[in-house]
Amino acid sequence: MKFLSWLDVKDNIRKETDNFRHLPDGIINLHFYPDEIVVEQKDEDKNLLKEAFKTWFPNPDVYDPVKNQIYLDIARFPIIITCETGSNDRMNFLERPRFDNLYFSRTFLSNETLNNMSEPEHKIIAFHSFKGGVGRTLLLAAMIKSLSEIVKEQGKEKRILVIDGDIEAPGVTFWEKNRIGGAADIGFTQFLNAIQYANSDSDYNLDAVIDYFAQEIRRYEQVVDSIKIYVLPAFNDPLDLFQINVRPEHVSQDDNPWKLRDCVDRLATRINADYVFIDLRAGISELSAPFLLDPYIDRFLVTTLSEQSLYGTELILREMTKINKIENKVNKNFLPEVIFSMVPEHDEKRLLDAQTRFDQAIFGPENENVQEMDSDEELLSDPIPIRVAHFKSELLGIRSWEDVWENAGSIIDIFNNYFSGLEELRDDIESIIPDEDEDGVNRLKKLKTFCSEYVFAETTTKDSFLKTGFFKEFPRQNFNSLPLVVSLGAKGSGKTFHFMRMTGFKTYQSFCDKIEPGKVKIDADFFPILRSSEIFGESEVIQQLKLHQPLFDRFDHDAFKIQIEKFRDENHSESDWKDFWENMIIQAISENNLDIKNYRQLDTLVNKPIILLMDGLENLFPDIHSDINQQNAISALLDIPGRLSEIRDRHIGLVIFLRKDYLGSAKKQNSGQFEKKYENYKLLWDKTAFLRLVYWLATTSGALEKDIKADPSSMNKEPLSQKLRPLWGLKLGNDNSREANTINWVYGALSDFKGYLQARDVVRFLEEAANASDTHTTSQWKDRLIPPTAIRRAMEGCSLERVKELKQESKIFKKWVDSLQAADELVMPFSKSLLPDDSSSSLLELKKLGVVYEDISDTTEEFRFYIPEIYRLGLGFKFKTGARPKVLSLKRKAIGKDFM
């Protein structure tokens, strides 16, 4: 640091002493002058004084303890240090909402200060930006419109007070001056003057001042839908801006540092406002500090993706982490929200990079609490709420409120979820759990019991099932020809469940009539020629099919499987496997008719149309990622649909269920083209499918009341999200808290770094959460069945079970897990040294399983391997200091906008 004036010297001591909070015991006060520092001591102690200055200025070229002087860098000008004694009054420090107080403090606003602060009676919302011209005022107007649409839909009425606090470059004020009816002939600058010099001992007191301004503001009311808007402009006369006598930072020097906010709150009371919106001055300006540094005000930082705007916002965010930071732990509840404004469509990379920068500002090394490294919450939601407003050319050159409201479009919608916790009608969910708790407990038991039966849904005998997108495709695409389908799905995505559901209907028309009655006129028998080892021949579904279908009754599945295993254990080319599969299918269907040589001949022999179902390939070919013979087997099998499609008026259909990672190993070329061909039959659990499954489980079990008009399989995210609020609330806390959104948290916790989610994990998660809720439901959570504590606890059980199951199914995973027992510590990210010795093939399989993710953005980084939450907890990994920003970034890349 360079010391160019006495102010630099003062600033250095402020920084070293935590804004003068921690002066040495023998020093009572300090007074700074251009050429002298006067140190007050009760009793003179020169050694203590010199030791203090040597600590603050360790460079001997700056501080000379012999002469007791500090030398500036310019002309080596000396600042002498003198001592005065006899004083007992220590420096009086009062925390004030000023940027200089924030900057020089290690913690801004202690618990003691917060306890002495009153919270506002109204919801106060402030918009700030480091840089002007980023759309800050526009977004404030869009948020008001969002509120108006919500309350109009609910048949409510609201009043809002808007304050133009940008007293150097006002925007709202000019909108007001230009509108029909004009603006109030008072201004925020006059409001500051009046409250600063109001005298409680005279008639010119705060009550009189606030009453006067309230009356003037009420005269200029404007109505938008169900909202009444009252505006306090920045000025009355534009010339007021040339002589601002009292600024916000002056008011904060009062005995009550929060006087300005208190007066605004009282003004809102006088006009019966429900909300207060304040448009603040851009930049690091003390004009904005009293509102921006108030933890009880909801603050929105607006930035574009330009470097200047990002840098300044990052700077402000880093300093704001000091607000009530106790023991190096950031208090997320007191951080602002961020809005990325004017973001071009399809500019996701720059957006993700910007968010990572902000994560690092919040969770940099100086803000990492080692004791908190095991916390999952930081890794499953953004540390601060993030909103994205895309660029709209229609909003260039706006001149009024109406210009924004008519052209903002989707930008208005980004604020809807903010008001959902504040303004939504709650009549339908406030009494989910009666006072006696009996009904709630019964519903939870129903959910737990039902989910326990569906964790392994392929073995259940229940008739009810969710009509997934996979099921719906058959009557939609295959209503006049038998299906030839390869269904790809991640492990646990429900392949065997879907296989068994189709088998259970016995015929194709019965199956399709359940999905879309009357659409399909063709029919065929289902013939499960290959099934998972999890399904035994004694299964009720298999036995029922044997009674219905004599051909299948005579089919020896075990012998069929043994022949495949025998051929698998030899070395064969892909051509050999094509012949083998063809011969095996022909012999199974023709009952060993040796005259049948190919699929076309077999098709003419079939008396009644038949659809072959194949599942359980991972049981037969477990080493596909490293075994060329097994790769040839699957590649040849996947060619069968194409060969059958050449037969006109086919009587044979085929549905193959295959794990998605098998395709990449079997079809190393054109796998993407192959995957696209069967895109609509994927067993993919995205966010909408996830919500449909949760809602179906909750309503079918009886945990939530079923809406006979609502079909879960056709519902979209928004209505599903609303329907699930009685199950688990809006957030992992009160609906208007800063806690994570429940849906985003659960979805983020259960999905891997590729964005894949397993249906089995969803079912198990609800079972675990319902079980934990039995003993943790309290009167605090009458608006939901499953409280936040139960949701968080459910993850550990899910993770442990996932690890246990995968150890049984993957030799490489089991070998790796066993090897981890010898590790000194398990922290993430980790290096390649923690992987098995034969790391090239092992790493490939672990990646394809979704267990390990390698961040290839920087291959020089040794510690670049990560594990998703669904495995991390079960494996016992913790987070390395500084890991949070990177993990958040990876999650965003995997899940995309759904995570934000």
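**Close-ups of a predicted model: helix faces, cores and rings**

**View 1. The buried side of helix H20.** Helix H20 (residues 508–515) has Tyr 508, Phe 511, Cys 512 and Ile 515 buried (buried is under 20% relative accessible area, exposed over 50%, partly exposed in between; 1.4 Å probe, protein chains only). These residues sit on the same side of H20 because they span an arc of only 90 degrees around the axis, taken from the directions from the helix axis to the C-beta atoms. Their packing partners are helix H18 (469–477), helix H19 (495–505), strand E15 (525–530) and strand E16 (610–614). Helices (H or I, at least four residues) and strands (E, at least two) are DSSP runs numbered from the N terminus.

A quick note on the source: this is a predicted model, with local features needing pLDDT of at least 70, side-chain atom pairs counted only at pLDDT 80 or more, and totals for chains, interfaces and linings using all residues. Residues are numbered from 1 along each chain as its sequence is written, and side-chain values use heavy atoms, leaving out hydrogens and water.

**View 2. The largest nonpolar core.** Here 152 residues belong to the largest core, and Trp 581, Leu 727, Trp 728 and Trp 816 have the most contacts inside it. A nonpolar core is a set of buried Ala, Val, Leu, Ile, Met, Phe, Trp, Tyr and Cys residues joined through side-chain atoms within 4.5 Å. Helix H31 (residues 687–701) supplies the largest share, 9 residues. Leaving aside residues up to four places away in sequence, Trp 581 touches Ile 564, Tyr 599, Met 614, Phe 621, Ala 633, Ala 636, Leu 637 and Ile 640 (contact: heavy atoms within 4.5 Å). A second, separate core has 71 residues, including Leu 161 and Phe 340.

**View 3. Aromatic pairs.** The count is 57 aromatic pairs, where rings of Phe, Tyr and Trp (its six-membered ring) have centres within 6.5 Å; planes under 30 degrees apart are stacked, over 60 edge-to-face, the rest tilted. Phe 690 and Tyr 747 are tilted, at 5.5 Å and 35 degrees. That pair links distant parts of the chain, helix H31 and helix H34 (residues 742–750), 57 residues apart. Phe 690 and Tyr 747 are both buried.

**View 4. Charges over rings.** Lys 15 lies over the face of Tyr 103, 3.8 Å from the ring centre. Arg 76 puts its charged end over the ring of Tyr 71, 4.3 Å from the centre. The rule: NZ of Lys or CZ of Arg within 6 Å of the ring centre and within 35 degrees of the ring normal.
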